[in-house]
Amino acid sequence: MLARVYCASIVGVEARIIDVETHFVNGQVKFFLVGLPDRAVSESRDRVEASIKNSDFFYPLGRVTVNLAPADLPKEGNAFDLPIAIGMLEMSGQIYTQKLDKTVLVGELALDGGLRPVKGVLPVAVEAKRRGYKYLVVPKKNGKEAAVVEDLEVFPFEHLKEVCGWLENKGSMDPLYVNVEQFFASNGVYKLMDFCDVRGQENVKRALEIAAAGGHNVVMVGPPGSGKTMMARRIPTILPPLSLDEALETTKIHSVSGLLKSGKALITKRPFRAPHHTVSDVALVGGGSIPMPGEISMAHNGVLFLDELPEFKRSALEVMRQPLEDGFVSISRARMSVTYPSRVMLVASMNPSPSGDWYDPGDMNGGNDIQMKRYLSKISGPLLDRIDLHIEVNKVSYDELSGKAKGESSTEIRKRVIEARNIQTKRFLGIKGVYSNAQMSTRMVRKLCPLEESGSQILKKAITSLGLSARAYDRILKVSRTIADLDRSESIRSHHIAEAIQYRSLDREGWLG
């Protein structure tokens, strides 16, 4: 006797459909599970037996073989309990159904037959739809997550008995429906943080607006208490809202990581990740014996904030260089290779010296220029090369702190950012992998960022007289292109170039005095 049920296994942020084949013959009572199962999958035998018996079914006594095909793909996780149990019940003639050929089932079984939520349901739903399956059966707490995928009927259940009843058409049940547009409208707004809370620092807020408009990486250099962290945490409030495709990409990563809250359908706000400076290389970019996403992937389509940048381990920072450039992380292990997306806006902050303040010749207790140079040299040139804007942040004066005037709100800034991004969307239409000015290649910069004669002369003078490095050239052009977009200007004018040049502080010779 043979039964075939369909499940799915997660590889990276994608899913692969798995054939769960169950075969039974009379003989000595034995259970064989083959197809490269990991420990969690191998232990499903005991959970399945207890849940079948506690759901008023009988457990078939004989030689049972369960094959998870394709046999060369490692199987991980707890999502195989339900399909194995259904396969055994169908194989032993305890349920009769015609739906299994059109159905994908995932779920962990409790010993009493209850269904527990599993990780990675959204990628499973996407793959089930792509492969042409009609139904997806999931635990109830995973229902909304799966139901955001259109043209797939999702049925969430709480118990093995309910799944069997649905398969045998006992009673009527409608598939779960989630109104994605309404969900976005009610959950995509930041309510607690706003740029109007920031007193002073108008030049820094202007620079962060430019960074948000072009998707540029940015580093803020200033003393403690000047508002660097406060402003960084408000950057997501001025970024454009997530599109549905971006939301699905982001949710898939959180789903396979097990960080999607129970009962939540989608990630509707851009992620903001702020790992501590003691974070390991693996935690930052991903990895492990079973490769999992790191912080840079968890921040995909959002902001990765590194506070006190020089305090991070150099190896951890250096391993980020390629993911920042390519927009994805590739992790290779003996058993498999996986790829996680990592298209993020990097925001970093740092003090100018170990003492925390700028070099002051009149302060005998403050840091000197040698200490500042040594401290800033902890950041390598190749990493700095991937940061477009360098912003000097000074202390806020008492008058600005005590003043009653409120700054511009995030809503007002966001409108300008969205307008600039819309211009870029039209500019890069049809170009794969490029969504903002920061992602332009060198060839695209030469083509899309032509300079007027006056602007070219300003840039030439800046590079020669200020000692700007060659790597700053393309960065200045990209930033000036974004500034022009904010001004709704087709061409890059001289004042756009002049403003972009001032955001390359760390490239200037003699900047520290």
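Buried here means under 20% relative accessible area, exposed over 50% and partly exposed in between, with a 1.4 Å probe and protein chains only. A few notes on the model follow.

1. Ground rules. This is a predicted model, with local features needing pLDDT of at least 70, side-chain atom pairs counting only at pLDDT 80 or more, and totals for chains, interfaces and linings using all residues. Numbering runs from 1 along each chain as its sequence is written, and side-chain values use heavy atoms, with hydrogens and water left out.

2. Helix H6. By that cut-off, H6 is mostly covered, with 6 of its 8 residues buried. Those are Leu160, Val163, Cys164, Gly165, Trp166 and Leu167. (Helices are DSSP runs of H or I with at least four residues, strands are E runs of at least two, and both are numbered from the N terminus.) After H6 comes Asn169, with a positive phi near 60°.

3. H3 against H6. The axes of H3 (residues 81–91) and H6 (residues 160–167) come within 11 Å and cross at roughly 55°; axes are lines fitted to C-alpha atoms, for helices over the stretch in contact, and angles run from 0 to 180 degrees between N-to-C directions. The two helices are therefore oblique to each other, the class left over once under 35 degrees is called roughly parallel, over 145 roughly antiparallel and 65 to 115 roughly perpendicular. Leu82, Ala85, Ile86 and Leu89 in H3 meet Leu160, Val163, Cys164 and Leu167 in H6, where contact means heavy atoms within 4.5 Å. By class, that makes 8 nonpolar residues, no polar and no charged. (Nonpolar covers Ala, Val, Leu, Ile, Met, Phe, Trp, Tyr, Cys and Pro; charged covers Asp, Glu, Lys and Arg; the others, Gly among them, are polar.)

4. H8 against H18. Here the packing angle is about 35°, with the axes of H8 and H18 (residues 410–427) 8 Å apart. On the H8 side we have Glu209, Ala212, Ala213 and Gly214, which meet Ile413, Arg416, Val417, Ala420, Arg421 and Gln424 in H18. This contact divides into 5 nonpolar, 2 polar and 3 charged residues.

5. His216. Have a look at the loop between helix H8 (202–214) and strand E10 (218–221), where His216 lies. His216 counts as buried, at 0% relative accessibility. Its side chain makes a polar contact of 2.7 Å with that of Thr482; the criterion is a pair of N or O atoms within 3.5 Å, and within protein one must be able to donate a hydrogen and the other to accept it, with residues adjacent in sequence counting only if both atoms are side-chain atoms. Not counting residues up to four places away in sequence, His216 also touches others, including Met345, Asp388, Asn437 and Lys478.

6. The H5–E9 loop. Val149 is in the loop between helix H5 (143–147) and strand E9 (153–157), and counts as buried at 8% relative accessibility. Leaving aside neighbours within four places in sequence, Val149 is in contact with Leu122, Ala125, Val126 and Lys129. Asp151 is found in that loop between H5 and E9 too, but is exposed, with a relative accessible area of 70%.

7. Backbone spots to check. Most residues other than glycine have a negative phi, and most peptide bonds are trans. Asp151 has a positive phi of about 60°, and Glu308 one of about 55°. Glu308 counts as partly exposed at 21% relative accessibility. A cis peptide bond joins Ala69 and Pro70, with omega about 5°; Pro70 is in the loop between strand E4 (63–69) and H3.
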